[in-house]
Amino acid sequence: MAATSRTVVISNRLPVQRVGKGPSARWQTSPGGLVTAIEPILRRSGGAWVGWTGVAGSSPRPATHEGYTVRPVPLSSHEVETFYHGFSNSTLWPLYHDAIRTPEFHKDWWGPYVEVNRRFARAAAAAARKGDLVWVHDFHLQLVPHYLRELRPDLRIGFFLHIPFPPEELFAWLPWRTQILEGLLGADLVGFQTHAGAQNFSRAARAFTTADGTDTSLEFDGRIVAVGSFPISIDTAWYEKAAADPATIRDAHAIRSRIGPSRKIILSVDRLDYTKGIDTRLQAIGEFFRRGRYGVDDVVFIQVAVPSRERVGDYARLRTRIEQMVGSVNGEYSVPGRVAVHYFRRSLQREELVAYYRAADVMAVTPLRDGMNLVAKEYVASRVDSGGVLVLSEFAGAARELRRALLVNPRDLEATASRFEEALALPKDDARHRMNILRTVVRRHDVFEWADTFIGALRRG
Ligand code: ADQ
């Protein structure tokens, strides 16, 4: 195995869970997009994955799993509060998503953010061999490139941001804006979901640091930092296979017959997060039924939402608000035996999700702001029958690639309700044509191509 070809991946959460106790304890891969894409690279070339287990307190020793080293980084319960729920989820997350919620700026969250980033950098420095490629992921770890370069100038360091990078005027709010930018500029390659994200970053770097250059190449501290867009994707072949499985087709039929075979289904699937626009979408659904072109005998709206970050106040309030709104739309429009909105607050198995995707006539993916949004791509990949219509927010990164979806401004409730009507009435040929074009995009650009392109660009420099 060539020493230069190894990769060290750093993400806030490890892609594995510790199962069992005592001597029989072992690591088990948790299913997810990132690990699906990156594990094959690590398996092929060896390397390490550095991250937190998700449990506060001391962490297990590094161990070998699937041909690479799993290196846990411990977080204390105070750091979980300040670094994770605080600075990551209550400062950076809202700020980077157009300040949909007001970001909180607290000095006593910043210190732990710095300290945890330094710890991740030290763990990565210990895991990496001379000449390894290092790939740092996401907003929790934006200082890692800088600290890692201090410790290990021999490494090639890449950074990928999964969420949007905000426009300069918004980013300027951050009291620690220069430190964050200098943290990122420690990398050789900084990648974003969209061209706009890359451009926003380069502009902010020129405005708030000594970096100089173009939107794709910055000179900083005597080095060149490449900047680019690398839209993430999904394991398209897995979704196609699952969607074509007779058991999935049976499950999709079962969902339809339970709903009422003559009724059309509008479906949404989201993490329960204010960026996903679930409450705004419910308002649009209310408007849709109010207009009366379609009633509950014709259409049902299904919202599947998996709870997340419930320790953060905004999320707990959002959940209450959504549940009140579901009640309100149903109170207004449901009739005996015909509910306007089905709301499932739970996580579904991936195979179950695919059955819902296959059952849905219209998929409503209407986040207020989203780095990419993989649900949109999963829906398209699952429509091996070329059926279904995707209604997609202009403010999801996915809208840059999935241009033949019915695009919508989710804050325009009238326009969103009209898009739902249009989607339901779209002539079959037009719908199939659009879906086939979307399918070509997700087949050509899957998550493996994404990872190879990023690693290739990092290696080339
Ligand atoms: P998220 O905002 O978490 O991540 P998103 O792209 O919306 O990511 O994907 C969510 C994933 O969770 C999808 O794979 C989906 O199938 C799954 N999921 C959602 N609801 C579920 C449910 N009820 N049950 C089971 N699974 C469910 C961030 C950024 C995104 C970016 C991704 C990847 O915010 O913009 O696309 O990272 O870079």
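Here is a friendly chat about the predicted model shown above.

Q: Hi! Which order do the strands take in the open sheet of 10 strands?
A: The order is E5-E6-E4-E1-E7-E8-E9-E12-E11-E10, and the pairing is mixed.

Q: And which strands are at the edges?
A: Those are strand E5, residues 63-65, and strand E10, residues 212-213. Each of them pairs on one side only.

Q: What holds strands together in a sheet anyway?
A: Strands pair through backbone hydrogen bonds, and they can run parallel or antiparallel.

Q: Which strands does helix H3 lie across?
A: Helix H3, residues 107-127, lies across strand E1 (7-13), strand E4 (47-52) and strand E6 (68-72). Its direction is at about 160 degrees to E4.

Q: I clicked on Lys107. Is that one buried or exposed?
A: Lys107 is exposed, with a relative accessible area of 69%. You'll find Lys107 in helix H3. The C-alpha atoms of Lys107 and Phe87 are separated by 9.4 Å, and these two residues are 20 residues apart along the chain.

Q: Now the inside. Which residues touch the most other members of the largest nonpolar core?
A: Those are Ile10, Phe165, Ile180, Phe201 and Ile266, out of 101 residues in that core. Helix H3 gives the most to this core, with 11 residues.

Q: What is Phe201 in contact with, leaving aside its neighbours within four places in sequence?
A: Phe201 is in contact with Phe165, Leu181, Leu184, Leu185, Val190, Phe192, Leu218 and Val227. There is also a second, separate core of 67 residues, which includes Ala381, Leu402, Leu407 and Ala451.

Q: Why would nonpolar side chains be found together like that?
A: In soluble globular proteins, nonpolar side chains tend to be buried together.

Q: New topic: the sheet of six strands. What's its order?
A: This open sheet goes E15-E14-E13-E16-E17-E18, with parallel pairing. Strand E15 (341-344) and E18 stand at the edges with a single partner strand each, so one side of each has no neighbour in the sheet. From one strand to the next, the twist averages 20 degrees.

Q: How many bridges pair E16 with E17?
A: Four bridges, in the parallel sense, with strand E16 being residues 362-365. Met363 has Leu390 in E17 as its bridge partner.

Q: Which helix packs on that sheet?
A: Helix H14, residues 413-425, does. Helix H14 touches strand E13 (264-271), strand E14 (299-306), E16, E17 and E18, and its direction makes about 170 degrees with that of E18.

Q: What about helix H15, how many residues does it have?
A: Helix H15 has 17 residues, 428-444, and reaches 24 Å from its first C-alpha to its last. That is close to the 24 Å expected at 1.5 Å a residue.

Q: Which of its residues are buried in H15?
A: Ala431, Arg434, Met435, Leu438, Arg439, Val441 and Val442 are buried. Seen down the axis of H15, they fall within an arc of 155 degrees, so they line one face of the helix. The face turned away from that buried side carries the exposed residues Asp429, Arg443 and Arg444.

Q: What covers the buried residues of H15?
A: The cover includes helix H8 (236-244), helix H13 (374-382), strand E17 (389-393) and strand E18 (406-408).

Q: Last one: where is Asp98?
A: Asp98 is in the loop between helix H2 (77-96) and H3. Its phi is near 60 degrees, a positive value in a residue other than glycine. Asp98 counts as partly exposed, at 29% relative accessibility.

Q: And what is the phi of Arg309?
A: Arg309 has a positive phi of about 45 degrees, although it is not a glycine. Arg309 sits in the loop between E14 and helix H11 (313-333). At 17% relative accessibility, Arg309 counts as buried.

How values were computed: Residues numbered from 1 in each chain as written. Predicted model: local features only at pLDDT ≥ 70, side-chain atom pairs only at ≥ 80, totals over all residues. Heavy atoms only, no water. Pairing = 2+ DSSP bridges. Helix = DSSP H or I, 4+ residues; strand = E, 2+ residues; numbered from the N terminus. Contact = heavy atoms within 4.5 Å. Axes fitted to C-alpha atoms, helices over the stretch in contact; angles between N-to-C directions. Expected span 1.5 Å × (residues − 1). Buried < 20%, exposed > 50% of the residue type's maximum accessible area, 1.4 Å probe, protein only. Arc of directions from axis to C-beta. Core = buried A, V, L, I, M, F, W, Y, C linked by side-chain atoms within 4.5 Å.
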